[in-house]
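Q: Could you walk me through this model, starting with the terms you rely on and then going region by region?

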Amino acid sequence: MGYLFDGWHPETRFLFDMHPEMLHGRIKTLMDTDYVIVVNQTVSDTAHGVRYEPDGDPIKVICSVEGRQNQAGMFANSGQEDIPQDQGGLTEITPIQIIAREWPGDIHSQVWYDGDMYDTIGSPVERKHGTDRSRHWEIRAEIRRRDVPEPAVPEGSRTWGM
């Protein structure tokens, strides 16, 4: 029987042990293809309504982002509710789905992906089915603002999902 590597014997090592696609001892998977920046927020009630304020430093999360480019945009949010209020009418919502091994955020988190800012929709859902390699979080988000510069992640901070 021929082997992919010279001198490779099945009882000594696995096929991908020294492959460049390995990521910290495991094979790079579809959950390692993208990254998002997460900013957690606290909610405070004021006399003028609810305010969201950043809570802590921005966090980098290695994940997979599934865009909905082939899906028709939904017109659901009133432009009068958007800030800045420079135009009225309905705005188009572009949803994305994030799949990550770890998730530091919650229902109030803001997410930056590919130069756009997104708000999370609903609570993050932990999917525990299958093996340890397939356990993950699913997060849905919708675009809030286009072309918003992502916040800087502090040097040396932990990257989630690695």
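A: Two strands are taken to pair if DSSP finds at least two bridges between them. Helices (H or I, at least four residues) and strands (E, at least two) are DSSP runs, numbered from the N terminus. With those terms in place, strands E4 and E5 form a hairpin with 2 residues between them.

Q: Before we go on, where does the model come from and how is it numbered?
A: This is a predicted model, in which local features need pLDDT of at least 70 and side-chain atom pairs count only at pLDDT 80 or more, while totals for chains, interfaces and linings use all residues. Residues are numbered from 1 along each chain as its sequence is written, and side-chain values use heavy atoms, with hydrogens and water left out.

Q: OK, how many helices and strands does the protein chain have?
A: The protein chain has 0 helices and 13 strands. Of its 162 residues, 28% count as buried, where buried means under 20% relative accessible area, exposed means over 50%, and partly exposed lies in between (1.4 Å probe, protein chains only).

Q: And what share of the contacts comes from residues 24 or more positions apart?
A: Such pairs account for 61% of the contacts in the protein chain with a separation of 6 or more, a contact being heavy atoms within 4.5 Å.

Q: Back to E4 and E5: how many bridges do they pair over?
A: Strand E4 (residues 41-46) and strand E5 (residues 49-54) pair in the antiparallel sense over 6 bridges, and the bridge partner of Thr46 in E5 is Gly49. In the loop that leads from E5 to E6 lies Gly56, which counts as exposed because its relative accessibility is 54%. The C-alpha atoms of Gly56 and Asn40 are separated by 6.8 Å, although the two residues are 16 residues apart along the chain.

Q: Which strands does E11 join?
A: Strand E11 (residues 116-127) runs antiparallel to strand E10 (residues 110-113), to which 4 bridges join it, and it also runs antiparallel to strand E12 (residues 136-145), with 8 bridges between them. Tyr113 stands opposite Asp116 in E11, and Met117 has Arg145 as its bridge partner in E12.

Q: What about the turn between E10 and E11, anything about phi there?
A: E10 and E11 form a hairpin with 2 residues between them, and Asp114, found in the loop between the two strands, has a phi near 55°, a positive value in a residue other than glycine. Asp114 counts as exposed because its relative accessible area is 66%.

Q: Is Ser109 buried or exposed?
A: Ser109 counts as buried because its relative accessibility is 1%, and it lies in the loop between strand E9 (95-100) and E10. Its side chain reaches the backbone nitrogen of Asp106 at 2.8 Å. Leaving aside neighbours within four places in sequence, Ser109 is in contact with Val38, Val39, Asn40, Gln41, Tyr118, Asp119 and Thr120.

Q: Changing topic, how many residues are in the largest nonpolar core?
A: The largest nonpolar core has 16 residues, and those with the most contacts inside it are Val36, Val61, Cys63, Val65, Ile98, Trp103 and Tyr118. A nonpolar core here is a set of buried Ala, Val, Leu, Ile, Met, Phe, Trp, Tyr and Cys residues joined through side-chain atoms within 4.5 Å. Strand E3 (34-39), strand E6 (59-67), E9, E10 and E12 each supply at least two residues of this core, and E6 gives the most, with 4 residues.

Q: What does Trp103 touch?
A: Not counting residues up to four places away in sequence, Trp103 touches Val36, Val38, Val61, Ile98, Val111, Pro124, Trp137, Ile139 and Trp160.

Q: Last one, what is Leu30 in contact with?
A: Leaving aside neighbours within four places in sequence, Leu30 is in contact with Cys63 and Ser64. Leu30 is placed in the loop between strand E2 (26-27) and E3, and it counts as exposed because its relative accessible area is 69%.

Technical notes:
Polar contact = N/O pair within 3.5 Å; in protein donor to acceptor, adjacent residues only side chain to side chain.
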